[in-house]
Amino acid sequence: MGGHKPRGINAGRKLRNHRRVNKWASKVYKKSNNISKWKKPFAGCSHAAGIVVEKIAVEAKQPNSAIRKCCRVQLKKNNKRITCFVPRDGGLGFVDENDEILVASFGRKGHSVGDLPGVRFKVVKVASTSLLALWKHKKEKPVK
C-alpha cells in the first residue's frame, strides 16, 4: 500500500509537477535549461563598479509622461554595458562622463521597475562618494 506513483483519472497534475521537479536532477537537462548567473551583468554579485560612457534620458512608459535621467555604464568586471537610473532631483549633475560609479540592482531580481523600460539598475556611488551625501551637500565630489 502506498509508495507508488498516483494513478487515476485526476492524477495528471500530480504526475506532471513531480516530473517537472525531478527533471532538474538530470545533469544534461540542468546544463541546457539553467539560466546561468554568469550570463547576467553582475554575475551573481549585489553591486558592480563601472565607468560612465554617456548620459541619456529615458522616456517613461504610459500613462506617465516624464524624462528619467539615466546613464550608460560599462562594467569593469566583464565590460558589459548597462543602463542605470540616477535617482533624486538633479542627481545627474553629480555624474560626469568617465566617472567611476558603483551600481546596484533595483531589487526586482533582474526586472525593470516602475515606468522605466529596460532599466534594471541604479547608481549608488559616484567617485567613491555616496550619491545621497552629494545630493544633501554633506560631502563634495573629490577632484581628480
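How many disulfides does a search of the whole structure find? The search finds zero.

## Basis of the model

This is a predicted model, in which local features need pLDDT of at least 70 and side-chain atom pairs count only at pLDDT 80 or more, while totals for chains, interfaces and linings use all residues. Residues are numbered from 1 along each chain as its sequence is written, and side-chain values use heavy atoms, with hydrogens and water left out.

## Cysteines

A disulfide is taken here as a pair of cysteine sulfur atoms within 2.5 Å. For Cys 45, the closest cysteine sulfur belongs to Cys 84 and lies 15 Å away, which is too far for a bond. Cys 45 has a relative accessibility of 41% and counts as partly exposed; the classes are buried (under 20% relative accessible area), exposed (over 50%) and partly exposed (in between), with a 1.4 Å probe and protein chains only.

Cys 71 is also in no disulfide. The nearest cysteine sulfur to Cys 71 is that of Cys 84, at 5.2 Å. Cys 71 is buried, its relative accessible area being 0%.

## Aromatic rings

Three aromatic pairs are present in the structure. Rings of Phe, Tyr and Trp (its six-membered ring) pair if their centres lie within 6.5 Å; planes under 30 degrees apart count as stacked, over 60 as edge-to-face and the rest as tilted. Phe 85 and Phe 106 form a tilted pair, because their ring centres are 6.1 Å apart and their planes are at 35°.

This pair links distant parts of the chain, 21 residues apart: Phe 85 is in strand β3 (residues 81-85), and Phe 106 is in the loop between β4 (100-105) and β5 (121-126). Helices (H or I, at least four residues) and strands (E, at least two) are DSSP runs, numbered from the N terminus. Phe 85 counts as buried, at 18% relative accessibility.

## Arg 88 and Trp 135

Arg 88 is in the loop between β3 and β4. The charged end of Arg 88 sits over the ring of Trp 135, 5.2 Å from the ring centre; the criterion is NZ of Lys or CZ of Arg within 6 Å of the ring centre and within 35 degrees of the ring normal. Arg 88 counts as partly exposed, with 44% relative accessibility.

## Backbone features

Phi is positive in Arg 88, a residue other than glycine, with a value near 75°. His 137, also not a glycine, has a positive phi near 60°. His 137 lies in the segment after α3 (131-135) and is exposed, at 68% relative accessible area.

The peptide bond from Gln 62 to Pro 63 is cis, with omega near 0°. Pro 63 belongs to the loop between β1 (47-59) and β2 (67-75).
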